[in-house]
Amino acid sequence: MSGFGFPTLAIIVVVGLIGPLLALNTRLRIPVVIGELIAGIVIGRTGFGWIDAFDPTFKMFADVGFALVMFVAGTHVPIRDKAMVAALPRAALRAIVVGAVGAVLGLLLANAFNTGHAPLYAVLIASSSAALVLPIIDSLSLQGPKVLSMTAQVAIADTASIVLLPLVIDLKHAPRAAVGAVAVAACAGIVFVILRALDQAGLLDRFHDYSKQRRVAMELRISLAIVFGLAALAVETHVSIMLAGFALGLVVAGIGEPRRLAKQLFGFTEGFFSPLFFLWLGASLHVRELGENPRLMLLGLGLGAAAVLAHLVIRLLGQPISLGALASAQLGVPIAAAAIGEQQQSLMHGEAAALILGALVTIVAATLGGSIYAKTAADAQPGVAKPEGDSDDPGVAGVAESNGGNGGNGAEG
């Protein structure tokens, strides 16, 4: 189909419904974005070719969706949770151990497949997806200090991976990307200081009441203006827009996201821009090359297996194997890596699809791990899904994103 107009938009919206329809099967726990990616593959360059992933207008819309997906993902990092903050030291240690193991495994995979992307693989292997893990925790009613510590570990890994990804995906321009990342982070920090001062002065509450009474969605408008401004800065400083969206999301999470803004963001992003981005990504992937080049398929399977193995190693630090498997869930970071790689052409042909395949392996492992842990906890305490016998410890049931059911906005994301 030539051009990007209303017919293409209609196809994107209709085909994008495949994601939510697949997610209706609660037993399989298929994230919505998986269905959207599959839909994009079917109608894109791998399948029927109904849409052109390289159309400039389509790519622009996809970039907007990418920024908003990361913005929403950032708002869902539970950085204000006091119990989560208390669990950070042990969680950070586990994340560091996983990162060290990931660095070794990433180097081995890069050498074995002669890709030269060891730093990228290391970040992917060590990453976790809060957007996948938190909904699983909530749906299985997992509680207890071990679950809480694992949740904090996932939040740390998710944030660190998103910050590091733009630096490692193209090592030739890593110094330039580092400067851009610092610039974006500095601007996000300035926004945080300003919003914090306005919040303490009570002006944010007054502004919220005005927006609600007038029905003008001022909070959404200003949030979009800031995220697009940061995205523009990211583009000018040659850093990924994913960092711009995620940084502002963390700022909003640190201040405290108003429920009305959360609903507006959810509808604005999940209703159109998020599925459009994932459809674009699926349409741009060279999935056929996985079948034509078995080495790429082995690379994807190897990345997924390495990620699970790296997270299982922290059993040595007292974490149950099933929770290690759950913590290995990744989607946002591999998707971001695939998107950036396709945009910058920094990956070899078909490698982006291999990254997505690796993520799918971790999703299967995480789903099994969560189910096994829930069953183990239930057997230990009939009728209560808790990992510890001591019920005095705080739990994390209910710690999930407002879009927890979709499991797709990656922290990463």
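A: Contact here means heavy atoms within 4.5 Å. This is a predicted model, where local features need pLDDT of at least 70 and side-chain atom pairs need 80 or more, while totals for chains, interfaces and linings use all residues. Numbering starts from 1 along each chain as its sequence is written, and side-chain values use heavy atoms, leaving out hydrogens and water.

Let's start with Tyr121. Beyond its neighbours within four places in sequence, Tyr121 touches Gly106, Leu109, Ala110, Thr115, Leu299, Leu303, Glu351 and Leu355. Tyr121 also belongs to the largest nonpolar core, which has 115 residues. A nonpolar core is a set of buried Ala, Val, Leu, Ile, Met, Phe, Trp, Tyr and Cys residues joined through side-chain atoms within 4.5 Å; buried is under 20% relative accessible area, exposed over 50%, partly exposed in between (1.4 Å probe, protein chains only). Tyr121 is among the residues with the most contacts inside that core, along with Phe66, Leu120, Leu165 and Leu326. Another core, of five residues, lies apart from it and includes Ala87, Ala91, Leu148 and Ala152.

Now for the helices (DSSP runs of H or I, at least four residues, numbered from the N terminus). The axes of H6 and H9 come within 8 Å and cross at roughly 55°; axes are lines fitted to C-alpha atoms over the stretch in contact, with angles from 0 to 180 degrees between N-to-C directions. That makes H6 oblique to H9 (under 35 degrees is roughly parallel, over 145 roughly antiparallel, 65 to 115 roughly perpendicular, the rest oblique). On the H6 side, Leu88, Arg90, Ala91, Ala92, Arg94, Ala95 and Val98 meet Ser149, Ala152, Gln153 and Ile156 of H9.

One last stop is the loop between H6 (88-113) and H7 (118-126), where Asn114 sits. Asn114 is exposed, with a relative accessible area of 69%, and its phi is near 55°, a positive value in a residue other than glycine.

Terms used: Helix = DSSP H or I, 4+ residues; strand = E, 2+ residues; numbered from the N terminus.
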